[in-house]
Amino acid sequence: MLESDSIFGISLKDALNLTTALTIVLITYNTVRNQKFLRDTPKPKNGIDELIGNTQMVLIKSLSKYTGRNIYAKLELENPAGSAKDRVALNIIKTAEKEGLLVRGEPGWVFEGTSGSTGISIAMICNSLGYNAHISLPDDTANEKLALLESLGATVNKVKPASIVDPNQYVNAAKKACDELNAKHLKDKTIPRGIFADQFENESNWRVHYETTGPEIYHQLRGNIQGFIAGCGTGGTISGVSKYLKSRFRTRKCHVVLADPQGSGFYNRINFGVMYDRVEKEGTRRRHQVDTIVEGIGLNRITKNFQEGEKLIDESIRVTDEQAIKMAKFLSVNDGLFIGSSTAINAVAAIELAQSLKPNSNIVIIACDSGSRHLSKFWKEARKVDSNITIDDIIS
């Protein structure tokens, strides 16, 4: 072979083979990378309802650094109507369709009594699927939620805050309205019928969290979860997720915490077995339901959804309004997380739970909804908090 038939001592034949091999490797790499990109790119959906679930999880860096534990937020606020209630609303409607109570393409009504978020989810999904929404809610609900419901075209029935034993309480008002429509339907079939969503007692609530939210959390952290925190309104989220996590071998010992606002009875129910709060005796509550600025969680009665997971809840941590307000401002300033009141409650509870877990443990909290729904009430107070607020200021 002539000297000119080689390059840097490598024969032209070998150089050609090497070039070919490198080309094949590069093509293979690009093909795999493109396939991964295409696989990870969301495909077009056929409707808003298909966007619900598979929400992301994010590390809350400030709280994790302070505690020495990894505190993650499951971003349920990413759902299209902005909260975890999207999952519940969709599953309730799908269950009604399976039972023949609602039929796609035919007029139908969904009635619900709610403090806001569930009603917004129902209204959005009804619009997507061709139904109508009728929402009863307390008349002191945040203006943002009322505006959203009206913007979505829902029929809104505002009632005075009252105890569940009051026939005019918002849940009872919703059921009454549904019964009245169905009574008319029985006499005149041209009048559409409706369903009462009944989120507090409807087991479609906890089941959707058992079937979707729980598995998502488990797989996102590959089963490495030492603590889980959620508030409790209907009880669906905490029951469904805890049932799933404690059914799996790797997370069967996961410490489940119910984060409870002031004035709610769940704290005493979980820790002492008695559904009682001293403010009930004193009669000093600002609202008939729960004495707190926080919306969406806290209750003084036992629901079917709560009972489903009650024995799986290891502890309840009570958080004051002041702590929640300060935490909301802290996370907004330090992490860019603009959260609602119930998420702030969960974040405060995470700091306390972290103290009882080993360093580098993983804790997951539910980030229920955005602060944009709480501007006129909760964030009216939170924005007054000094931007230099510290975690020590919050928990002291």
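This is a predicted model: local features need pLDDT of at least 70, side-chain atom pairs count only at pLDDT 80 or more; totals for chains, interfaces and linings use all residues.
Reader: Is Cys-178 buried or exposed?
Author: Cys-178 is buried, with a relative accessible area of 3%. Buried means under 20% relative accessible area, exposed is over 50%, and partly exposed is in between, using a 1.4 Å probe and protein chains only.

Reader: What's the mean pLDDT of the chain?
Author: The mean is 90, and 92% of the residues in the protein chain reach 70 or more. pLDDT is the predictor's confidence in each residue, from 0 to 100.

Reader: Where is the pLDDT below 50?
Author: It is below 50 over residues 279–289. Beyond near neighbours in sequence, that stretch has 26 contacts in the model, a contact being heavy atoms within 4.5 Å.

Reader: New topic: which domains is the chain divided into?
Author: Domain 1 takes in 48–82 + 203–394, and domain 2 is 85–196. The bounds come from an automatic or database domain assignment. Taken over C-alpha atoms, the domain centres are 26 Å apart. Where the domains are in contact, 33 residues come from domain 1 and 30 residues from domain 2.

Reader: What about helix H3, how many of its residues are buried?
Author: 11 of the 14 residues of H3 are buried, so this helix is largely enclosed by the rest of the structure. Among the buried ones are Lys-85, Asp-86, Arg-87 and Val-88. Helices (H or I, at least four residues) and strands (E, at least two) are DSSP runs, numbered from the N terminus.

Reader: What covers them?
Author: The cover includes strands E4 (70–75), E5 (109–113) and E8 (194–196), along with helices H4 (117–129) and H7 (204–220).

Reader: What should the span of H3 be?
Author: At 1.5 Å a residue, H3 (residues 85–98) should span 20 Å, and its end C-alpha atoms are 20 Å apart, which agrees. The expected span is 1.5 Å times one less than the number of residues. Just after H3, Gly-100 takes a positive phi of about 80°.

Reader: Where is Ser-83?
Author: Ser-83 sits in the loop between E4 and H3. At 3% relative accessibility, Ser-83 counts as buried. Leaving aside neighbours within four places in sequence, the contacts of Ser-83 include Ser-117, Cys-368 and Asp-369.

Reader: And Ser-342, what does that touch?
Author: Not counting residues up to four places away in sequence, Ser-342 touches Val-294, Glu-295, Ile-297, Cys-368 and Asp-369. Ser-342 is in helix H13 and counts as buried at 5% relative accessibility.

Reader: How many residues are in the largest nonpolar core?
Author: There are 41, and those with the most contacts inside the core are Leu-63, Ile-229, Met-327 and Leu-331. The largest share, nine residues, comes from H13. A nonpolar core is a set of buried Ala, Val, Leu, Ile, Met, Phe, Trp, Tyr and Cys residues joined through side-chain atoms within 4.5 Å.

Reader: What does Leu-63 contact?
Author: Leaving aside neighbours within four places in sequence, its contacts include Ile-71, Met-327, Phe-330 and Ile-351. A second, separate core has 35 residues, including Ile-217 and Ala-230.

Reader: Last one: is Asn-334 buried or partly exposed?
Author: Asn-334, in helix H12, is partly exposed, with a relative accessible area of 42%. Asn-334 touches Ser-62 and Ile-389, not counting residues up to four places away in sequence.

Methods. Residues are numbered from 1 along each chain as its sequence is written. Side-chain values use heavy atoms; hydrogens and water are left out.
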